[in-house]
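User: I have a model open and want a quick tour. Can you walk me through it?

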Amino acid sequence: QVQLVESGGDLVQAGGSLRLSCTASGTFSRVNTMGWYRQNPGKQRELVATITHTGSQNYGDFVKGRFTISRDNAKSTVYLDMNSLKAEDTGVYYCNLRVGSYAGWGQGTQVTVSS
């Protein structure tokens with residue numbers, strides 16, 4: 001059982017920046033992939049970015065180089081640095097931890113980008 005707690009969601013103007021954090025606790029393998037997904041009402045949850053234990057990164061195509069994912073294994077924390085935010089980035093951002101077929105999810109943090 002893993003607990004994932006996100007923080008950092010906020011209301012921000014278009015073009016601004018935001019940093020999301022997610023800290024994992026409980027029992028889980030340190031050899032894992034953590035990531036961020038986002039969702040708006042009526043839409044499917046979509047991949048934002050993932051990062052493996054060794055730092056291999058994967059990004060959704062819509063990011064277009066604006067977001068950077070990183071992690072601090074000692075703190076069991078993953079970060080998402082978002083730059084040049086657009087209104088389309090608005091949504092609930094969920095932290096994810098995956099080990100094989102297991103997937104844990106956080107409660108989400110709201111990101112609202114105004115224009």
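Analyst: Below we go through the disulfide, the core, the strands and the cavity.

User: Ground rules before we start?

Analyst: This is a predicted model: local features need pLDDT of at least 70, side-chain atom pairs count only at pLDDT 80 or more, and totals for chains, interfaces and linings use all residues. Residues are numbered from 1 along each chain as its sequence is written, and side-chain values use heavy atoms, with hydrogens and water left out.

User: How many disulfides does the structure hold?

Analyst: The structure holds 1 disulfide. C22 is joined to C95, with 2.0 Å from S to S. The cut-off for a disulfide is a pair of cysteine sulfur atoms within 2.5 Å.

User: Which parts does that pair tie together?

Analyst: C22 sits in strand β3 and C95 in strand β9, so the pair ties together parts that are 73 residues apart in sequence. Strands (E, at least two residues) are DSSP runs, numbered from the N terminus.

User: What is the handedness of the link, and are the two cysteines buried or exposed?

Analyst: The C22 and C95 link is left-handed, with -85° about the S-S bond. Both C22 and C95 are buried. Buried means under 20% relative accessible area, exposed over 50%, and partly exposed in between (1.4 Å probe, protein chains only).

User: Now the core. Which residues have the most contacts inside the largest one?

Analyst: W36, L80, M82 and Y93 have the most contacts inside the largest nonpolar core, which has 25 residues. Such a core is a set of buried Ala, Val, Leu, Ile, Met, Phe, Trp, Tyr and Cys residues joined through side-chain atoms within 4.5 Å.

User: Which strands supply at least two residues of this core?

Analyst: They are β1 (2-7), β3 (18-26), β4 (33-39), β5 (46-52), β7 (67-72), β8 (77-82), β9 (91-99) and β11 (109-114). The largest share, 4 residues, comes from β3.

User: Tell me about β4. Why is it largely enclosed?

Analyst: 5 of the 7 residues of β4 are buried, so the rest of the structure largely encloses this strand.

User: How many bridges link β4 with β5, and how many with β9?

Analyst: β4 and β5 pair in the antiparallel sense over 6 bridges. β4 and β9 also run antiparallel, joined by 7 bridges. Two strands pair if DSSP finds at least two bridges between them.

User: Which residues face each other there?

Analyst: R38 stands opposite E46 in β5. G35 has N96 in β9 as its bridge partner.

User: What about the turn between β4 and β5?

Analyst: That hairpin has 6 residues between its strands, and G42 in the turn has a positive phi of about 80°.

User: Switching topic. What lines the largest cavity?

Analyst: F28, R30, N32, M34, H53, R71, N73 and S76 line the largest cavity. About 60 Å³ of space lies inside. The structure holds 1 cavity of 30 Å³ or more. On a 1 Å grid over the protein atoms alone, a cavity is a set of points where a 1.4 Å probe fits but cannot get out, and lining residues have an atom within 4 Å of a point.

Key. On a 1 Å grid over the protein atoms alone, a cavity is a set of points where a 1.4 Å probe fits but cannot get out, and a pocket is an open set with protein on both sides within 12 Å along at least five of seven lines; lining residues have an atom within 4 Å of a point. Grid points are joined across faces, edges and corners, and a volume is the space filled by probe spheres set on the points.
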